[in-house]
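Work through the exercises below with the sequence and the model in view. Each task is followed by a solution in steps.

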Amino acid sequence: MMERSGSRIRWRDGLGWVLIYALIWALFAEGDGWPIGVPSILLAAGLSLWLGLNPWNPSLRALPGFVWFFLGRMALGAWDVAVRALHPRRPLQPAWLDYQLRSESPRVRLMLSALVGLLPGTLASRVEADCMRVHVLDQRQSWEPTVVELEARLVRLMCAEGGR
């Protein structure tokens, strides 16, 4: 029974890696190049399994709220950037600021730094220790609560136990 359960988990992990790598291939290759992509995807998935890596298993319960929050913040940020572009007199105060990370998960930290860069008006440049360096268009705006909420939602989405 234990062997069957382990085999089932290995198949699930393999399928997870294949799906993740296929999505990455489809995004970067713009849906082309599958004769090269399929063997590459299978090799990458096999290597991931051989190295003992587990694919990301998101919390399906947290996924809709995360997507809604992120898309909403992207829309609000895009609107703000558009208004600033159309009204050149609207003042900007760009700055590099430090954000104190709360999560210890390397996956959460990596995703947070990538997703902060997708929010209009912000960009994460590096993570050192427990600090992420963030560039903002206007330091007078309340940017930090959005990043705090994004990090908390990533923890709920990516960490099965909801832990750090």
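Buried means under 20% relative accessible area, exposed over 50% and partly exposed in between, with a 1.4 Å probe and protein chains only. This is a predicted model, in which local features need pLDDT of at least 70 and side-chain atom pairs count only at pLDDT 80 or more, while totals for chains, interfaces and linings use all residues. Residues are numbered from 1 along each chain as its sequence is written, and side-chain values use heavy atoms, with hydrogens and water left out.

**Exercise 1. Overall layout**

Task: state how many helices and strands the protein has, and in which pattern they follow along the sequence.

Solution.
Step 1. Helices (H or I, at least four residues) and strands (E, at least two) are DSSP runs, numbered from the N terminus.
Step 2. The protein has 5 helices and 3 strands, and the pattern along the sequence is α-α-α-β-α-β-β-α.
Step 3. For the overall dimensions, the C-alpha trace spans about 65 × 40 × 30 Å along its principal axes.
Step 4. The radius of gyration is taken over C-alpha atoms, and the globule rule is 2.2 Å times the number of residues to the power 0.38. The protein has 19 Å, whereas a compact globule of 164 residues would have a value near 15 Å.
Step 5. Of the 164 residues, 27% are buried.

**Exercise 2. Helix H3**

Task: compare the span of helix H3 with the expected one, and find what its buried residues pack against.

Solution.
Step 1. The expected span of a helix is 1.5 Å times one less than its number of residues.
Step 2. H3 covers residues 63–86, which is 24 residues, and reaches 34 Å from its first C-alpha to its last, close to the expected 34 Å.
Step 3. The buried residues of H3 are Phe-66, Phe-69, Phe-70, Gly-77, Asp-80, Val-83 and Arg-84.
Step 4. Contact means heavy atoms within 4.5 Å. The buried residues of H3 pack against helix H4 (106–116) and helix H5 (144–158).

**Exercise 3. Aromatic pairs**

Task: count the aromatic pairs and describe the one formed by Trp-17 and Tyr-21.

Solution.
Step 1. Rings of Phe, Tyr and Trp (its six-membered ring) pair if their centres lie within 6.5 Å; planes under 30 degrees apart count as stacked, over 60 as edge-to-face and the rest as tilted.
Step 2. The count by this rule is 3 aromatic pairs. One of them is Trp-17 with Tyr-21, stacked at 5.3 Å centre to centre with 15° between the planes.
Step 3. Trp-17 and Tyr-21 are separated by about one helical turn, because they are 4 residues apart in helix H1 (residues 2–28). An α-helix has 3.6 residues a turn, so residues three or four places apart point the same way.
Step 4. Trp-17 is buried at a relative accessible area of 10%, while Tyr-21 is partly exposed at 22%.
Step 5. The rings of Phe-66 and Phe-70 have centres 6.1 Å apart and planes at 5°, so this pair is stacked too. Phe-66 and Phe-70 are also 4 residues apart, in helix H3, and therefore about one helical turn apart. Both Phe-66 and Phe-70 are buried.

**Exercise 4. Surroundings of Val-18**

Task: which residues outside its sequence neighbourhood does Val-18 contact?

Solution.
Step 1. Val-18 is found in helix H1 and is partly exposed at 25% relative accessibility.
Step 2. With neighbours within four places in sequence left aside, Val-18 is in contact with Ile-41, Leu-42 and Ala-45.

**Exercise 5. The sheet and its hairpin**

Task: give the strand order of the sheet, then locate Ala-129.

Solution.
Step 1. Two strands pair if DSSP finds at least two bridges between them.
Step 2. The sheet is open, with 3 strands in the order E1-E3-E2 and antiparallel pairing. Strand E1 (95–100) and E2 stand at the edges with a single partner strand each, so one side of each lacks a neighbour in the sheet.
Step 3. E1 and E3 are joined by 6 bridges, with Gln-100 having Cys-131 as its partner in E3. E2 and E3 also pair over 6 bridges, and Val-127 has Met-132 as its partner in E3.
Step 4. E2 and E3 form a hairpin with 2 residues between them. Ala-129 is in the loop between strand E2 (122–128) and strand E3 (131–136).
Step 5. Phi of Ala-129 is near 55°, a positive value in a residue other than glycine. Ala-129 is exposed, with a relative accessible area of 65%.
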